[in-house]
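Here is a short briefing to read alongside the model. Have the viewer open and follow the residues as they come up.

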Amino acid sequence: MLVSGDKAPNFSLRGDDGQLYSLANFKNKPLVLFFYPKDLTPGCTTEACDFSAAFEEFSKYSVSIVGISKDPLASHLRFKSAHNLRMLLLSDPDLAVHQQYGAYGTKVMYGKTSVGVIRSTFFIDEKGDIIKSWYKVRVKTHVNAVLDTVKKRS
């Protein structure tokens, strides 16, 4: 697990716009990077829509928002279109970046242990250092908690 002060792992992933992105694309600007299990599922839709609804508020603090899942780009495009999502979505089909960030592994849901995507969010500063990390995110109040952390930093 990554904690405050750790260097954010670099990545190289395709975005829903077809471009290749790395952490360097977001240097000199804070970044909220959120990992979610699957496009167009209830919890993931709520989380993405909440981030999208708060997009302007994050922008006031010059914070970029990027979502990452293992879904292919075509799925990301359907997801963005269906819900008018404003943030960039990146595809990590082999889960390598998920693993670097600790967003994939053993988890317990309803008393059952499985291996899969661990809903996680990272607030990364302009230099690529992690300011705060959230693992095992509960969707309902999560975006507000992230935004509060952004505001306190400013």
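Asp 16 has a relative accessibility of 12%, so Asp 16 counts as buried, the limit being under 20%. This aspartate of the predicted model forms a salt bridge with Lys 80, with 3.2 Å between the closest N and O atoms. The two partners come from distant parts of the chain, 64 residues apart: Asp 16 sits in the loop between strand 1 and strand 2 (20-22), and Lys 80 belongs to helix 3. Lys 80 is buried too, because its relative accessible area is 17%.

- Which residues of helix 3 are buried? Helix 3 spans residues 73-83, and its buried residues are Ser 75, His 76, Phe 79 and Lys 80.
- These residues lie on the same side of helix 3, because they cover an arc of only 135° around the axis.
- On the face turned away from that buried side, helix 3 carries the exposed residues Ser 81 and Ala 82.
- The cover over the buried residues of helix 3 includes helix 1 (42-53), strand 4 (64-69) and strand 5 (88-91).
- Phe 79 can also be placed relative to Thr 41: their C-alpha atoms are 9.5 Å apart in space, while the two are 38 residues apart in sequence.
- Thr 41 is found in the loop between strand 3 (31-35) and helix 1, and with a relative accessible area of 24% it is partly exposed.

**Other salt bridges**

- How many salt bridges does a search of the whole structure find? The search finds 8.
- One of them joins the side chains of Lys 7 and Asp 129, at 3.0 Å from N to O.
- That pair links distant parts of the chain, 122 residues apart: Lys 7 is in the segment before strand 1 (12-15), and Asp 129 is in the loop between strand 8 (120-124) and strand 9 (130-135).
- Is Lys 7 buried or exposed? Lys 7 counts as exposed because its relative accessibility is 52%, and exposed means over 50%.
- Asp 129, in turn, counts as buried at 18% relative accessibility.
- Lys 151 and Glu 57 also meet through their side chains in a salt bridge, at 3.7 Å from N to O.
- Here too the pair links distant parts of the chain, with Lys 151 in helix 5 (residues 139-153) and Glu 57 in helix 2 (residues 55-60), 94 residues apart.
- Lys 151 is partly exposed at a relative accessible area of 35%, and Glu 57 is partly exposed at 23%.
- Glu 57 and Lys 151 belong to a network of salt bridges that also links Lys 60.

**The largest pocket**

- Rolling a probe the size of a water molecule over the atoms shows where empty space is left.
- The largest pocket holds about 530 Å³ of space.
- Its lining is made of 17 residues, and the closest to its centre are Lys 107, Met 109, Arg 119, Lys 136 and Val 137.
- Helix 1 and strand 6 (104-109) are the elements that give two or more residues to this lining.
- By residue type, the lining of the largest pocket divides into 10 nonpolar, 2 polar and 5 charged.

**Positive phi angles**

- Most residues other than glycine have a negative phi.
- Asn 28 is not a glycine, yet it has a positive phi of about 70°.
- Asn 28 lies in the loop between strand 2 and strand 3, and it is exposed, with a relative accessible area of 64%.
- Ser 62, a residue other than glycine, has a positive phi near 60°.
- Where is Ser 62 placed? Ser 62 is in the loop between helix 2 and strand 4, where it counts as partly exposed at 40% relative accessibility.

**A serine in strand 2**

- Ser 22 lies in strand 2 and is buried, with a relative accessible area of 18%.
- Neighbours within four places in sequence aside, Ser 22 is in contact with Asn 10 and Phe 11.

Note on methods
Residues are numbered from 1 along each chain as its sequence is written. This is a predicted model: local features need pLDDT of at least 70, side-chain atom pairs count only at pLDDT 80 or more; totals for chains, interfaces and linings use all residues. Side-chain values use heavy atoms; hydrogens and water are left out. Buried means under 20% relative accessible area, exposed over 50%, partly exposed in between (1.4 Å probe, protein chains only). Helices (H or I, at least four residues) and strands (E, at least two) are DSSP runs, numbered from the N terminus. The arc is that of the directions from the helix axis to the C-beta atoms. Contact means heavy atoms within 4.5 Å. A salt bridge is a side-chain nitrogen of Lys or Arg within 4 Å of a carboxyl oxygen of Asp or Glu. On a 1 Å grid over the protein atoms alone, a cavity is a set of points where a 1.4 Å probe fits but cannot get out, and a pocket is an open set with protein on both sides within 12 Å along at least five of seven lines; lining residues have an atom within 4 Å of a point. Grid points are joined across faces, edges and corners, and a volume is the space filled by probe spheres set on the points. Ala, Val, Leu, Ile, Met, Phe, Trp, Tyr, Cys and Pro count as nonpolar, Asp, Glu, Lys and Arg as charged, and the others, Gly among them, as polar.
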